Amino acid sequence: MTDRSLPVVLCQTPATLLRTLRAEPPLVQCITNYVAMNIAANVLLAAGASPAMVWDAEEAGDFAAIAGALTVNIGTLSGPFVDGMRAAIRGAEGAGRPWVLDPVACQATALRRRVTAELVALEPTIIRGNASEIRALAGEASRGQGVDGRDSVTVAEDGARRLAVDSGAVVAVTGEVDYVTDGRRAVRIEGGSPFMPMNTALGCSLTCLCGAYAASAEEAFDATVGALAHFAVAGRRAHAGATGPGSFAPRFLDALHAVTPEELDAEAVIHATRAVPA
Ligand SMILES: Nc1ncnc2c1ncn2[C@@H]1O[C@H](COP(=O)(O)OP(=O)(O)O)[C@@H](O)[C@H]1O
Ligand SMILES: Cc1ncsc1CCOP(=O)(O)O
Ligand SMILES: [Mg+2]
């Protein structure tokens, strides 16, 4: 890691968290969309975690109580999904487990705005979205086009800080350079690949990986940084041998699997920054 002030900002480095994740693979309940289910499950398995795409309301609450973490994604929203989300969040909270919200395309329709507002009020541990989604959640103008972000991470940083303070969640804004804040601390993470936004559901998969890291982390901030650093390092490695989004995809899975905890800390480019602007 490149920034000497990081030990002040992070209690547990990405390597520490990845070591624990691989030694005791966490069961992660992922309520995600139909596009992402298979892709995200493979991402979690490659990274070293144990995914379960369980969302029906009849069992979602019971399952959340036995999982290490829950992730909730509104990508292919419908009434039954929302019922499952409510039940799972109740189960996770009852069991004291962290849960992560992915507000896919939350700016796009009245239904998405309403459901996202309800979910944020239920106090997610972590919120992870692209810059357009985070700007919309923060009450700012969003240029998002459906599920795709069209804003820069930089313009979403102020909103992310306010959202973190107002919601109590750690907020991650992803894009070319990622930004993570809890309203007090903030870091930027470099890496990844321009082929990543050309592969559907990688953001959704990253949200699920945030859950995997949060399952055993002492702090949600460190867990979020760990998961994003893992993606950034694997993405940069995979880009090196790829000729386009198609050849990038299998290389990315291989890289998620191959990176060791020591290599993760050595290759991650993480910079601490001021959470409160001067
Ligand atoms: N231009 C880019 N260069 C490098 N990495 C990127 C780029 N755009 C997105 N990523 C990475 O892709 C992953 C998914 O982020 P993003 O595309 O913002 O989410 P979403 O798929 O939800 O819109 C993150 O790890 C992010 O850092
Ligand atoms: C294409 C699409 N349509 C509804 S959900 C979804 C996947 C979005 O995935 P991501 O937000 O990770 O790009
Ligand atoms: Mg997304």
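**Helices H4 and H5**

Helix H4 (residues 57-66) packs against helix H5 (residues 79-94) at an angle of about 25°, their axes lying 7 Å apart. Helices (H or I, at least four residues) and strands (E, at least two) are DSSP runs numbered from the N terminus; axes are lines fitted to C-alpha atoms, for helices over the stretch in contact, and angles run from 0 to 180 degrees between N-to-C directions. H4 and H5 are therefore roughly parallel to each other, given that angles under 35 degrees count as roughly parallel, over 145 as roughly antiparallel, 65 to 115 as roughly perpendicular and the rest as oblique. Their crossing is right-handed, that is, the near helix is turned clockwise from the far one by less than a right angle.

From H4, the contact draws on Ala57, Ala60, Gly61, Asp62, Phe63, Ala64 and Ala65, and from H5 on Pro80, Asp83, Gly84, Ala87, Ala88, Arg90, Gly91, Ala92 and Gly94. Two residues are in contact if their C-beta atoms, placed from the backbone, lie within 7 Å. By class, this contact has 9 nonpolar, 4 polar and 3 charged residues; Ala, Val, Leu, Ile, Met, Phe, Trp, Tyr, Cys and Pro count as nonpolar, Asp, Glu, Lys and Arg as charged, and the others, Gly among them, as polar.

**Basis of the model**

This is a predicted model, in which local features need pLDDT of at least 70 and side-chain atom pairs count only at pLDDT 80 or more, while totals for chains, interfaces and linings use all residues. Residues are numbered from 1 along each chain as its sequence is written, and chains are lettered from A and ligands numbered from 1 in the order in which they are written.

**Packing around H10**

The axes of H10 (220-241) and helix H11 (residues 245-258) are 8 Å apart, at an angle of about 130°. That makes H10 oblique to H11, and the crossing is right-handed. H10 contributes His230, Ala234, Gly235, Arg237, Ala238, His239 and Gly241, whereas H11 contributes Phe248, Arg251, Phe252, Ala255 and Leu256. The classes represented are 6 nonpolar, 4 polar and 2 charged residues.

H10 also meets helix H2 (residues 14-23), the axes coming within 9 Å and crossing at roughly 85°; H2 and H10 are therefore roughly perpendicular to each other. Pro14, Leu17 and Leu18 of H2 are in contact with Asp222, Ala223, Val225, Gly226, Ala229 and His230 of H10. Here the contact has 6 nonpolar, 2 polar and 1 charged residues.

**Ligand surroundings**

Ligand 1 is surrounded by 17 residues, the closest being Asn130, Thr174, Gly192, Met196 and Gly203; a residue is near a molecule if its C-beta atom, placed from the backbone, lies within 6 Å of it. Helix H9 (202-214) and H10 each supply at least two residues of this shell, which by class has 7 nonpolar, 8 polar and 2 charged residues.

Around ligand 2 are Asn33, Val35, Ala36, Gly75, Thr76, Val104, Val147, Thr200, Ala201, Leu202, Gly203 and Cys204. This shell has 7 nonpolar, 5 polar and no charged residues.

**Positive phi at two alanines**

Most residues other than glycine have a negative phi. Ala201, in the loop between strand E8 (185-190) and H9, has a positive phi of about 70°. Ala201 is buried, with 23 other C-beta atoms within 10 Å; the term buried requires 20 or more such atoms within 10 Å, with exposed meaning 12 or fewer and partly exposed in between, C-beta atoms being placed from the backbone.

Ala105, likewise not a glycine, has a positive phi of about 50° and is found in the loop between strand E4 (99-102) and helix H6 (110-121). Ala105 is buried, with 23 other C-beta atoms within 10 Å.
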